[in-house]
Amino acid sequence: MSTDTNADDGSTDDGSDDSGGHCSTPDSDGEVAEEIAIISFERKLPVAEEIKDELADDYESIEILEYHGDVFAEHWGEYDCFVGLMASGIAMRKTAGLLDDKWDDPAVVVIDEALTWAIPLTGGHHGANQVAYDLSQLGAVPAMTTASEAAGKQGIESKAKALDAHVVNGDSTVATNLAVLNDDLEVVERLDGPRAVLVGDDVTVMKRNDEGVVLGTGTVSGVEKEQVLDAWAAALDALELDFSDVEFVATATRKEGEEGLYEAAQEIGAGVVLFEKETLLDHEGPTPSRAKELIGWPGIAEASAIAGGREHELLREKERFDDAVTVAVGE
């Protein structure tokens, strides 16, 4: 089967795509799960050290705490995420009485001594899924049970992460995530002020932490992180911008799980927003794309940059780099 490397999203002739994967991104209160505590029994400390060594470059700090009956209670609130190197039942019993509010509680993940399973227990959308996925570097299977991830959809908390925003009214996410699962909610409406907005209990309000440009990006399958970073740097340099000016990366749902793209986004500290085909068709860019001719999708780079931008406009039309990455910049 041949691959069409001219389509700006790196699609194959039959429209197949790879899915799955994860990118470390800010959790929905605008912070990143960066301070990790690994809690381990004494005999498992060598395994805890192995975990620490593997994840050290991905987190601000990782500490190992030897297990005793009150270790969770003594350190509750000091870390973004606890990794329990223990049976899930132990962690559940020791943390259940400490849980108060999902927006404030630390995330909890358990992993077995054989490094077979990494299971988020609480705070899936607030760091646990992120850490469980990163533990897969050691061979563990991340057992995601949050509804949106299980259905292959980007839930409200995940959208907030990728948009570098925080949810103002957390109780609303029950209704809006249900709408995501039922395909009744795909696009996040962007409103800029000054203006006053009156919303109901089933409307989630997100407030951006920072503002910047949107990197609309299409890639060939199997693209390397460095290819993506070089393409972004070149596109931004032409506008006299750099990575600090990027609000988020935008692409299509069919690019979900493209490891090189996600790794590049993590490298620059940006989230990845995924747009559905219908949204991209509504924001199609000015440059023709073979992707539409081949599989009915518009050019991902321009359409996602336009869809994601506050003004829904292009600062820079798409350009292809290294026959692997196509970048457009939106505002």
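Analyst: Trp297 counts as buried because its relative accessible area is 11%, where buried means under 20%, exposed over 50% and partly exposed in between (1.4 Å probe, protein chains only). Keep in mind that this is a predicted model: local features need pLDDT of at least 70 and side-chain atom pairs pLDDT 80 or more, while totals for chains, interfaces and linings use all residues. Numbering runs from 1 along each chain as its sequence is written, and side-chain values use heavy atoms, without hydrogens or water.

Trp297 sits in the loop that joins α11 (290-295) to α12 (300-308); helices (H or I, at least four residues) and strands (E, at least two) are DSSP runs, numbered from the N terminus. Over its ring you'll find the charged end of Arg254, 5.6 Å from the ring centre. That label needs NZ of Lys or CZ of Arg within 6 Å of the centre and within 35 degrees of the ring normal. Leu280 is 17 residues from Trp297 along the chain, with 7.8 Å between their C-alpha atoms.

Now for rings against rings. Searching the whole structure turns up four aromatic pairs (centres within 6.5 Å, using the six-membered ring of Trp; planes under 30 degrees apart are stacked, over 60 edge-to-face, the rest tilted). In one of them, Phe72 and Phe82 have ring centres 5.5 Å apart and planes at 70°, so they meet edge-to-face. This pair ties together distant parts of the chain: Phe72 belongs to helix α2 (residues 71-75) and Phe82 to strand β3 (residues 81-85), ten residues apart. Both Phe72 and Phe82 are buried, and for Phe82 the relative accessibility is 0%.

Phe82 has another ring partner, Tyr79: their centres are 5.8 Å apart and their planes at 65°, so this pair is edge-to-face as well.

What does Tyr79 touch besides its sequence neighbours? Leaving out residues up to four places away in sequence, Tyr79 contacts Glu35, Ile36, Ala37, Glu63, Leu65 and Pro106 (heavy atoms within 4.5 Å). With Glu63 there is also a side-chain to side-chain polar contact, at 2.7 Å. A polar contact is a pair of N or O atoms within 3.5 Å; within protein, one must be able to donate a hydrogen and the other to accept it, and residues adjacent in sequence count only if both atoms are side-chain atoms. Tyr79 itself lies in the loop between α2 and β3 and is buried, at 9% relative accessible area. Ser61 is 18 residues away from Tyr79 in sequence, and 9.3 Å away C-alpha to C-alpha.

As for the fold around this spot, six strands make an open sheet with mixed pairing, ordered β2-β1-β3-β4-β5-β6 (two strands pair if DSSP finds at least two bridges between them). At the edges are β2 (61-66) and β6 (141-142), each pairing on one side only. Strand β1 (residues 35-40) runs parallel to β2, joined by six bridges; as part of that pairing, Ile38 has Ile64 in β2 as its bridge partner.

One more buried loop residue is worth a look: Glu258, with 8% relative accessible area, in the loop between β10 (246-252) and α9 (259-268). Beyond four places in sequence, Glu258 touches Thr219, Val220, Ser221, Gly222 and Val223.
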